[in-house]
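Let's take a friendly walk through some helix contacts and ring contacts. Please have the sequence and the 3D view open as you read.

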Amino acid sequence: MKQVLSCSLLTALFLMGACADDPDTRTMDGFCETALARVDSFMATVSGDGPEGVRYGGMAVVGAPAEMGGMNAFAHGDAGAVQHQLFVNLMTLVQYDEKLEPVPYLARSWELSEDESELTFHLRDDVRWHDGEPTTAHDVAFTFLTAMDPRTGFPNPAFFQHYLPGEEGVEVVDSFTVKFRFRPHSEYMDTWRAVAIMPRHLLADVPPEELARHPIGEVCPVGNGPFRFVSRRPGDRWLFEANPAFPDGLGGRPFLDRYTYRVIPEQTILLAELLTGGVDVHVAMFPNHAARAEAEPGLRVVSFPYRSFLFAGWNSRVPKLSDPRVRRALTLGVNRGQIMQGIHGERAVVVNSGIPPVHWAFDPSLGDSLPYDPDQARSLLEGAGWVDRNGDGIRQDSEGSPLRIELILNQNQERQEVAEIMRVQLREVGVDLRPRVVEFATLMGRITSRQRDFEGVLVSWEAEFRLDERDQFHSAAVDGLWAFSGTRDPILDRYLDTLPIITDRGEAIPVWRAYQSRIMEVQPYTYLYSAYRRNGVNERLREVVMDARGEWASIRGWWIAPEDRRTP
Amino acid sequence: MSLLEIRNLRSVFRTRGEEARAVDGVDLTMERGEAVGLVGESGSGKTVLALSILGLLSHGSGRILPGSSIRLRGEEMVGMKERRLRQIRGGAVAMVFQEPMTSLNPVFTVGDQVLEAVKAHRAMDGREGWAEVIRLLREVGIPEPEQRAGAYPHQLSGGMRQRAMIAMALAGSPALLIADEPTSALDVTVQAQILELLKRLQSRFHMALLLISHDVGVVSRVCQTMVVLYAGKVVEKGPTQDILRSPRHPYTRGLLGSRLFLKDRRRVLRPIPGEVPEANAWPEGCRFHPRCSEAWHLCGREEPRLVAMGLGRGAGAREGDSRVVGPPGGSLSEVGPTDRGGEGRSRARSVRCWLFSGDLGEET
Amino acid sequence: MLVYAARRVLAAVPLLLGVATIVFVVLALAPGDPASMYLRPGMSPETLDQIRRNMGLDAPLHVQYGRWLLSFLQGDFGQSLASGIPVKDRILEVLPNTLLLAAVAILLAFVAGIFLGVMQAVRQHSPLDSVLSGTSLFFYSMPSFWLAIMMVLVFSVNAGTVWGWPVSLPPSGMVSDGYDLLGPMARVRDRLLHLVLPALTLTLVLTGGIARYVRNSMLEVIRQDYIRTARAKGLPEWQVVWKHALRNALIPVVTLLGVYFPLLLSGTVFIEYVFAWPGMGRLMVDSILLEDYPVVLAGTFLFGGMVVLGNLLADLLYGVVDPRIRRGDG
Amino acid sequence: MGSWMGLALPGLPHLHRGKWLEGGVLLSLWLGLLALAVVRFDRIVGAFRGGLDERIALLTLVLVLVGVWAWAWRSGSGALSGQEAGKGHVGRPLSGGWAAFRRNRMALLGLGAAVALYLAMLLTPLLAPFDPLSMPAFEEGGDLGLRLAPPSAVHIMGTDQYSRDVFSRILYGARISLIIVLLAVGISVALGTILGAVAGYLGGIPDAVIMRLLDMFMAFPSIVLLLAIVALFEPSAFLVIAALALTQWPYTTRIVRGEILALKEREFAEAARALAFSRGRVLFRHLLPNAMPSVVVVASLGIGNTIVLEAGLSFLGLGVPSDIPSWGTMVDQGRAYLLDSWWVVTFPGLAIALAVLAFNLLGDGLRDALDPRQGERLAR
């Protein structure tokens, strides 16, 4: 009897689980119920006869070690979520091509006024939200106004730094024309490559304070991009399907029938999934895992230089780190090239400033003045008064307190390895570096809070294409969230004030170079390297192009030959 | 052919990593329908002897040493296949244990447990089997057996439980029923009822009964023959009445002397000093000598042997009922016992203590 | 009986609230900030404050606690800070997954543990006993995350290429991609395949403990008089062991079931992490790391409730397996 | 003749006499340590000037050698009778179980492994062939090819991604793992015993309060509480130890309380009370010592559990921050290399499993020997 009971209980549980896999998230909320019902009915009207061709069909799975935020451009600013907003579920006015030049997307064309203070976009008129509503200039204006509204808590306000506030900044000329007004500044198009347009007809009535946690972000996104949202299990997977109503002018519906984003937190298991064919793309691989994947027939590693870089930021408010000689010695005492080589092989570039190698202002020759030079590091430290007075191998100041620097970092394989090696190498020049792993939220809290309760921090930073390091290094921003280095340097201030408004690249390049030299003198950070992104890709998934724009930039063109398709 | 013939039974069990001879060379013969009482203090090897007969010793941590022989109706049970042994257990030989509470499985109903015994030995379907269970329970005097069969052991009184145990033992219609201290855990009034029941059943089914008890009184009520066991050896055996009247071995006398007699207040209670030694540390020589008030120097060195005391009343002596042996080191003639076997005694009575064989021939 | 059960459950409510309060305090004292997950470059402190306000984190702690308690008592678990999804939906979505994994593992572990424990007890001190207890204790001693990764290596990555086995088990997740397109039988098969590795790992870890427990319990029982009685009846040995002895030996094991099940829910944390199994353990860990306190508190309450229910269930089962303490018999 | 051999090679006479186990253990210990002393002679010399670590190792080496020799001499030269006489000695609650414990082969194995682990911990500076911190590949003029070297005669367990010697790191890591665990278990057992004793002995309101507290802790899955504490506050040795102790005490408390409740009713407790001893004295002098067997069992089983818990914390990156990582941290940091360099993570993982196994065997053996009834093992 007991056995029978437990058996049937188990069966019931099993079946319950088996049936519960249909997208049931949609019953959560009144908004979602109606929104998704409308999406379904609209999709039913357009999905009759899809385009013919061998490329159409199949499913692809991308596996990633971390969950992404949602499809709400007003709230979710992490790299994974942003890429899905830009390339998968939502649309931006423009996109970048391989050369990182803007090309039309939602906007057919655009023009800048003579005085470089008015930007007018002409939108396509054939883009529809997934529930059938057309995407218009009102949506664009709504997105702009909402993002500008401080109550929204828009994560990237820097994009609109130079725009005129509120209604002054935007004008809906007609349903498909919208005009923005701003102070002249460089890289103005980058904003419209980076900010996805949100649907006004669904969100206009939502108070800005509530937008960030609105179900449209994570429960039932309604976008206008090439893939429509189908279902999601937080922490596990997102499921998208091809949007049959995607404008033919932009290539029509994407080739893949559906696309799944899976979260597999344990990297070894994620690699195992790639090796056994469970996922087609493994984003953000460990360097050594990439080697393993490359050796595997049927797999390849797509690798490209990216705009992120790794650095150790020094808190110059701390007395022992206030001396630029000490900070410089910390950089000279670390064999950055060798660390990079050890971890990434050839797939990384040593950097000396916050300009990533993919940026047009990047100058590789600048780094020559900061080679690995332990002897110079030693003499710099001695010059700054740090001498090993008790023979224990660690330098002390005149009062005998040792040169011990705590370097905080969060739990991340690569950063932990870098910190370990830095510790050993700096020990050779007499610095007692103490790496300390803390939880990410704690780390953020410590470096952004007013107390700046830290000495050094090892983080990696993802730069936007439109570089503006004001909030990191300008003295006016020294109390801001990101001025954790506490840099105050009048020369840097001048560059930081000038650079964003030089609109001509040719004019800007020498200024950027001067700026970088100054950074290398001030040494607010020890910049380490910018590693390539590495993504394992199953070769059955074709035309996967990945570059500095991101892993998903070419997702509309991914296709799988019929014979390679996975039969579930 | 006797029902049960035990020859030179030596059984050991492991305790603290060493083997202890709990039963050390016992001979015992039982006839059909005969009631034999096995008496001795706790630790003297009574229960091991009983378990040896059932072949259950190996399931604990013991074994029967080679050279031993237990024949049931002429069939050798030592070294018998487990399958055949199982047929005998609960079939030809059944056993009732001391503690009716712990000897019944607490999680099954009484009826179920009796039914198991029935089914183990008789091909019956469920309905027949259950009817048999009810019949057996009624047979052992359980009132309202239909209801009681569905009760769990803890819902019954001690007496009822022991009756249920007896019913279980009867299930296989045994030729030999071994009752190991069946009444020790019961109230005095209930004791008497159970003994009466055993006696009645024995005569009714013409079963042989091996009644094991530390209480000479219990044995004397039921059994014609009595065997006294001490430290794994038989020290005295013979007709119950004879032994009660004139115990030969000092140990037997001790046992008798330590009984309480409520009627006879003049008698002084004389307990045996000390207790039975551990089975892995038997004393040298006579195993009783450290506690024996009559011991002399030889006792610590030489082991006495069983000697037939030519006691005869009536006819029908049998071979092998007792064995006539002499002292190991001494000379037979000196000590005196002589073999009178075959001269026609009714029942041989044997005494183990050779020191007292001087009394040989004394009429009782 | 129902009244008895209801009373015990009700009595547990203040206890669970107490536990949740402790957790609230721990989370509140922690230095991190749930809003920091929204931190982006270029963000001003004002924006961060606004996000914090939008999340309701600007109120003083006791107000936050009061708000939470009030809505909690009304049966509203609130919204997840991290995703804005109602906590109830979030938990209901993952709870069945954990229950499935735990139930399968427990069932397998008890079957295997009981079998091994009995074998060991019957052959106490034999080489078989030593080998079985050594092996099961070895698995029991292994860190589950390590075992889990090893299992994936053996049965998934290397299954086809190195060992040449016909089946390579899926290393993670609950279902394959495109599961919803499968027929009903294929669905069951797919789920079963995905269940094998996590359930097996958990089973391996659990079995040793259970086997040990059963062994000790059996050794205790097998010395009992009624076992001798059963043998004396002439019952075959398997019946003596597997019916008479085991039934009694299982009585204390039932308590173990009550203790194990709730503990298992947390024991699955590592298994769920490694196998990317969307369950309660992972939800709790993720939420703790994000300081998503509505989820953590509700999860805590639920876990605590499971412990109470588990113990209650064990008590009730105790009555079922042991007639001596059935209610009404005193 | 036998004693001659015994002078030079302790244990040989035992082997000669057929006492394989004792002789084998003594002989291999002796030879192993002598070999160590020869191979690491330079370090022994250096140890005189070295730090505390090296001196402790040297002292341990000498003490163990002398101990082995003395033991062999004593048991080899006819002192056996004295040993036999000691066997019947009972009375103290803990000594009674030794005879039973000795017969349990698995438990002896566990004890042996635990002792070996402890010795290895003390002897680490002599045993470890390399500096656990040095990264030859990344030092000035280093060769990156030294990273992830497979096991060889030089690096018997290979090197890790930093080119450090895995074997040496396991030896040094043992100390971190075990010190944390032993401290945590020590604290939790002490706390648990006191609370359990107070609850069981006083009853009434203290009992109710302690038991409600205990219920609360038991109702909360320890791993989650542990995660919450360690993840949200910055991990430090103190925090990890405190958190481990905090989540483990209820098990001890529950068992001790039960023991005390039972012991309280026994005659000797009545007698002590009748003699009008103070309550504290009755509790601590008369009751608690009798509850110690259970405490010892709980503690040794708790060590196993706690090692696994600590490893789990480290696996999630929440372990004790330290130059020398604990085993769990080694598994955590090495697991990225599992697929191409299995040795980096397999050996620390095995070390955890074997150490836990040793303590579990020991605990089981102790339980069998001291108290066969009690036997609850809890899941992690």
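Predicted model: local features only at pLDDT ≥ 70, side-chain atom pairs only at ≥ 80, totals over all residues.

## Charges over rings

The charged end of R187(C) sits over the ring of Y179(C), 5.1 Å from the ring centre.

Residues are numbered from 1 along each chain as its sequence is written, chains are lettered from A and ligands numbered from 1 in the order in which they are written, and side-chain values use heavy atoms, with hydrogens and water left out.

## Rings together

How many aromatic pairs does a search of the whole structure find? Over all chains there are 48. Rings of Phe, Tyr and Trp (its six-membered ring) pair if their centres lie within 6.5 Å. In chain A, such pairs link a cluster that includes W110(A), F121(A), F144(A) and W192(A).

## Two helices in chain D

Helix α10 (residues 204-219) of chain D packs against helix α12 (residues 237-264) of chain D at an angle of about 135 degrees, with the axes 9 Å apart. That angle makes α10(D) oblique to α12(D) (under 35 degrees counts as roughly parallel, over 145 as roughly antiparallel, 65 to 115 as roughly perpendicular and the rest as oblique). Axes are lines fitted to C-alpha atoms, over the stretch in contact for helices, and angles run from 0 to 180 degrees between N-to-C directions. Helices are DSSP runs (H or I, at least four residues), numbered from the N terminus.

Residues in contact (heavy atoms within 4.5 Å) include F217(D) in α10(D) and W249(D) in α12(D). By class, this contact of α10(D) with α12(D) has 10 nonpolar, 1 polar and 3 charged residues. Ala, Val, Leu, Ile, Met, Phe, Trp, Tyr, Cys and Pro count as nonpolar, Asp, Glu, Lys and Arg as charged, and the others, Gly among them, as polar.

## Two helices in chain B

In chain B, the axes of helix α7 (residues 158-170) and helix α8 (residues 188-205) come within 10 Å and cross at roughly 15 degrees. α7(B) and α8(B) are therefore roughly parallel to each other. The contact of α7(B) with α8(B) holds 8 nonpolar, 3 polar and 1 charged residues.

## From chain C to chain D

Helix α7 (residues 184-222) of chain C and helix α16 (residues 343-370) of chain D pack at about 15 degrees, their axes 13 Å apart. R212(C), R215(C) and N216(C) of α7(C) meet D364(D), R367(D) and D368(D) of α16(D).

Notes: Phe/Tyr/Trp six-rings, centres within 6.5 Å; stacked < 30°, edge-to-face > 60°. Lys NZ or Arg CZ within 6 Å of the ring centre and 35° of its normal.
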